[in-house]
Amino acid sequence: MSDLDVQIPTTFDPFADANAEDSGAGAKEYVHIRIQQRNGRKSLTTVQGLKKEFSYNKILKDLKKEFCCNGTVVQDPELGQVIQLQGDQRKNVSTFLVQAGVVKKENIKIHGF
């Protein structure tokens with residue numbers, strides 16, 4: 001009985017792997033393209049998460065000209081700068097950003113119904 005191997009439990013951190021992955025996940029920033037319903041059939045398309053080095057106003061100008069819609073750049077305290085466009089332009093914006101070389105296709109998340 002004196003030869004018992006007693007296992008003393010050590011501290012186990014179940015989130016250790018998740019914290020290690022978060023450090024590498026910061027390099028993969030996503031661009032979120034969402035739709036917001038206004039009144040009736042009206043809707044807004046919002047684009048957030050673009051890198052700070054891009055000129056939001058120039059991108060907005062090209063988007064407005066390409067899709068024949070109006071839009072604006074809104075400064076949000078939590079999200080930073082957000083591009084808003086009139087109408088449901090989610091697919092159009094995603095293809096435009098990929099073709100212009102602003103974002104890779106893997107880094108775009110399209111939200112909405």
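Reader: Where does glycine 49 lie?

Author: Glycine 49 lies in the loop between S2 and H2, where the letters stand for strands and helices (DSSP runs numbered from the N terminus, a helix being H or I with at least four residues and a strand E with at least two). Please keep in mind that this is a predicted model, in which local features need pLDDT of at least 70 and side-chain atom pairs count only at pLDDT 80 or more, while totals for chains, interfaces and linings use all residues. Residues are numbered from 1 along each chain as its sequence is written, and side-chain values use heavy atoms, with hydrogens and water left out.

Is glycine 49 buried, partly exposed or exposed? Glycine 49 has a relative accessible area of 32%, so it counts as partly exposed (buried means under 20%, exposed over 50% and partly exposed in between, with a 1.4 Å probe and protein chains only). If we set aside residues up to four places away in sequence, glycine 49 touches Tyr30 and Val31, a contact being heavy atoms within 4.5 Å. The C-alpha atom of glycine 49 is also separated by 7.8 Å from that of valine 82, although the two residues are 33 apart along the chain.

Of the 113 residues in the chain, 27% are buried, and among the contacts with a separation of 6 or more, 51% come from residues 24 or more positions apart.

S2 runs antiparallel to S1, the two being joined over 6 bridges (strands pair if DSSP finds at least two bridges between them). In this pairing isoleucine 35 has threonine 45 of S2 as its bridge partner. The hairpin of S1 and S2 has 5 residues between the strands, and within it glycine 40 takes a positive phi near 70°. S2 also pairs with S4 in the antiparallel sense over 5 bridges, and there valine 47 stands opposite isoleucine 83 in S4.

Serine 43, another residue of S2, is buried because its relative accessibility is 10%. Leaving out residues up to four places away in sequence, serine 43 touches several residues, including Ile35, Gln36, Leu85 and Asp88.

From here the pairing of strands can be followed further. S4 pairs with S3 (residues 71-76) in the antiparallel sense over 6 bridges, with isoleucine 83 as the bridge partner of valine 73, and a hairpin of 3 residues joins S3 to S4. S1, in turn, runs parallel to S5, to which it is joined by 3 bridges, and isoleucine 33 stands opposite isoleucine 110 in S5.

The structure holds 1 aromatic pair (ring centres of Phe, Tyr or Trp, the last by its six-membered ring, within 6.5 Å, with planes under 30 degrees apart called stacked, over 60 edge-to-face and the rest tilted). Phenylalanine 67 and phenylalanine 96 form this pair edge-to-face, at 6.1 Å centre to centre and 75° between the planes. Phenylalanine 67 lies in H2 and phenylalanine 96 in H3, so the pair ties together parts that are 29 residues apart in sequence. Phenylalanine 67 counts as buried at 17% relative accessibility, and phenylalanine 96 is buried at 16%.

Finally, a search of the whole structure finds 1 salt bridge (a side-chain nitrogen of Lys or Arg within 4 Å of a carboxyl oxygen of Asp or Glu). Aspartate 88 forms this salt bridge with arginine 90, with the closest N and O atoms 2.9 Å apart. Aspartate 88 is partly exposed at 40% relative accessibility, whereas arginine 90 is buried at 11%.
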